Amino acid sequence: MSFEVHAQGAVHVFDCFACAIHRMAPICEHCRVQIIGQGVEADGQWFCGAHCARAEKGQVGIVDKV
Ligand SMILES: [Zn+2]
């Protein structure tokens, strides 16, 4: 029951979603959790949500994707 994840020109093979998340999910630049949802990008950095993006960047107007 393996599956492939194609990302940035590479193919990764996993046998469970937990392994794929552990290996591939980006890390929030503020709270360091793994981002398994859509996340928020601000100035080339990734955050788990708008709260962390605002806390790190000091910007207003950053909103969660829904
Ligand atoms: Zn965060």
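Start with Phe14, which is buried at a relative accessible area of 10%; here buried means under 20% relative accessible area, exposed over 50% and partly exposed in between, using a 1.4 Å probe and protein chains only. This is a predicted model, where local features need pLDDT of at least 70, side-chain atom pairs count only at pLDDT 80 or more, and totals for chains, interfaces and linings use all residues. Residues are numbered from 1 along each chain as its sequence is written, and side-chain values use heavy atoms, leaving out hydrogens and water.

Phe14 pairs up with Phe3 in a tilted arrangement, 6.2 Å centre to centre with 40 degrees between the planes. (Rings of Phe, Tyr and Trp, the last by its six-membered ring, pair if their centres lie within 6.5 Å; planes under 30 degrees apart are stacked, over 60 edge-to-face, and the rest tilted.) Phe3 sits in strand β1 (residues 3-7) and Phe14 in strand β2 (residues 10-14), so the pair ties together parts 11 residues apart in sequence. Strands are DSSP runs of E, at least two residues, and helices runs of H or I, at least four, numbered from the N terminus.

Phe3 itself is partly exposed at 23%. It also pairs with Phe17, again tilted, with centres 5.0 Å apart and planes at 40 degrees. Phe17 belongs to helix α1 (residues 17-24), 14 residues from Phe3, and is exposed at 64% relative accessibility. Phe3, Phe14 and Phe17 form one aromatic cluster.

Now for the largest nonpolar core: it has 9 residues, including Cys28, Phe47 and Ala53. Such a core is a set of buried Ala, Val, Leu, Ile, Met, Phe, Trp, Tyr and Cys residues joined through side-chain atoms within 4.5 Å. Helix α2 gives the most, 3 residues.
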